Amino acid sequence: MTTMENVIVLVNRIQRACTALGDHGGDAAGSLPTLWEALPSVAVVGGQSSGKSSVLESIVGRDFLPRGSGIVTRRPLVLQLHKTEEGVQEYAEFLHMPKRRFTDFGEGPLFSSDTRLLGVIMGVYCFEIGCLVGLPHVYSLVRKEIQDETDRLTGKTKQISPVPIHLSIYSPHVVNLTLIDLPGLTKVAIEGQPESIVEDIENMVRSYVDKPNCLILAISPANQDIATSDAIKLARDVDPTGERTFGVLTKLDLMDKGTNALDVLEGRSYRLQHPWVGIVNRSQADINRNVDMIVARRKEQEFFTSSPEYSHLASRMGSEYLAKLLSQQLEAAIRARIPSITSLINKTIDELESEMDHLGRPIASDAGAQLYLILELCRAFDKIFKEHLDGGRPGGDQIYGVFDNQLPSALRKLPFDRHLSLQNVKRVVSQADGYQPHLIAPEQGYRRLIESALNFFKGPAEASVDRVHFVLKELVRTSIGETQELKRFPTLQAELAAACYEALERFREDGRKTTLRLVDMEAAYLTVEFFRKLPQEVDKTGPGNPGTRTGNPPTPSDDRYTDAHFRRIATNVSSYIGMAKQLAVLLDEDPALMERRIQCFKRLELYKSARDEIDAVSWTR
Ligand SMILES: Nc1nc2c(ncn2[C@@H]2O[C@H](COP(=O)(O)OP(=O)(O)OP(=O)(O)O)[C@@H](O)[C@H]2O)c(=O)[nH]1
């Protein structure tokens, strides 16, 4: 492979990468770094009707730009040439209508089979004169779309717009290059144009030719004084050394009889680093008569060779020569730019990498990788949630607080005083006894008193479950917020939260049932041991105290129905309740239990969301 081809391959690859990444240069790429702009481009600059579009077309070798007298180019046209594989049909495509391919290249094959490339000309359609078949309507639809798209933004007025039209041509006969047709520079606003138009156009043109890798085709018509050329004035401004400026003199055929442009073409009027190139484009009459490019080029060549003034310059004049000259310059320009393009790429990669680190890595498209990612994200959440419960992060201590503080203090506030008041004890015992008062101890009375006292536990126990539930819910919310990796997946965040809340809700219900069952169990089965010990303890109270004599149960006459008897019942019930309060100890295990449950549910939810994710993927396929 020649070095030239290598250069082309490189540009091709970069360009293809740009396209794949949606990098079209300029505004289209938004604030992201753009590589397109590092690639070579050629912009045509000149006064209105100086022949810019005509020169561009003749470099490309295709008829596709709107041309005519008056102001024709009213929006920049960014023409991107893309090289395709040999044998692929060529087509044009606009960025604003990406689905539509323009293949309106006229009748018959574009190139005859023996077409040979006139050397590989960078970014330029290369063809051998005479090989092109007649194509009167070549690109007519493309031309129409350029006109229509211009009108869409500016209306059918004389207004201009800086918003470029992007046109891509895909063909095996081009190499990658951006050519830019710009609105013509003007000195005065005409009717229907705002006063600012002169400055607006200049600024717009400048924004393109300012770029160091933009070759400037400075077009001046030969039938005007070169000293007044807008193109040269602007080019001198942005490229004072003239290394990327190419002076092009059009309309040589329209010069007054007896005058010639030799002073300009031979560099005496205005010296440039690169030699001036004289051009004879098709006149408006030629265009109207559909004179095709081949014929026009032949006529142009004849003009130079047969001209007594210009024949000595004939080999360095004309569109074909300009195309070759540009190709050489472009190659040199690219070659010179390779190191800076490479460093731009590396720098951009670094910048993007660090931004990606900040934003998070891209999401893989296959289900397996997505599952993996979701698992990773859930694991990250899991870790943080665990830290909140186990310590390291705040929150878990609140659960301990519920059992250490809130529950005992709520239990302390229970109205046992009222419940075990002498009056109430008497009432309950008597009601339990019914028509036959108890003989020794009011068995039924004890049971009812204990049962209803224990029922008081239900309130605080339920409240504790609710409180723990609330703390856990808060911890889920905090943990999701603190999981950095989840930040860019709002849907997953919401799903995860919803799954956690749903599970917590279930656990709250389970917790409540279990707690109430424990209270019920406690109330349903009284610990016999406690009561068996009672007589001995009664005995310990010593003589003189009614009903405390060893081996002599109190007789109904002494204290069976005295206040002291009922007070003792109240005391006994109260100490039994005190013993049953050990429930709190049971509940104390809950944080650990809860944590275990949370672990399980998270695992479960994780698999669930993973499954949903996989489902979603398989549905969209
Ligand atoms: N005879 C002759 N006519 C030319 C030549 N170059 C351009 N023209 C004619 O000049 C007119 C303007 O040419 P364009 O190529 O549209 O000029 P432009 O600079 O692109 O014009 P705007 O985009 O409107 O600024 C057309 O009618 C062309 O046919 C030339 O070398 N000789």
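Q: How far is a backbone N or O atom of Ser53 from an oxygen atom of the ligand?
A: This is a predicted model, where local features need pLDDT of at least 70, side-chain atom pairs count only at pLDDT 80 or more, and totals for chains, interfaces and linings use all residues. Residues are numbered from 1 along each chain as its sequence is written, and side-chain values use heavy atoms, with hydrogens and water left out. A polar contact here is a pair of N or O atoms within 3.5 Å. For the backbone of Ser53 and the ligand oxygen, the distance is 2.8 Å.

Q: How much of the ligand's accessible area does the protein cover?
A: Accessible areas come from the Shrake-Rupley method with a 1.4 Å probe. On its own the ligand has 640 Å². The protein's share of cover is 97%.

Q: Which helix gives the most to the shell around the ligand?
A: Helices are DSSP runs of H or I with at least four residues, numbered from the N terminus. Helix 2 (52-60) and helix 7 (284-288) each give two or more residues. The top contributor, with three residues, is helix 2.

Q: Is Ser229 buried or exposed?
A: Buried means under 20% relative accessible area and exposed over 50%, with protein chains only. Ser229 sits in the loop between strand 7 (214-221) and helix 5 (230-238). Its relative accessible area is 9%, so Ser229 is buried.

Notes: Polar contact = N/O pair within 3.5 Å; in protein donor to acceptor, adjacent residues only side chain to side chain. Buried < 20%, exposed > 50% of the residue type's maximum accessible area, 1.4 Å probe, protein only.
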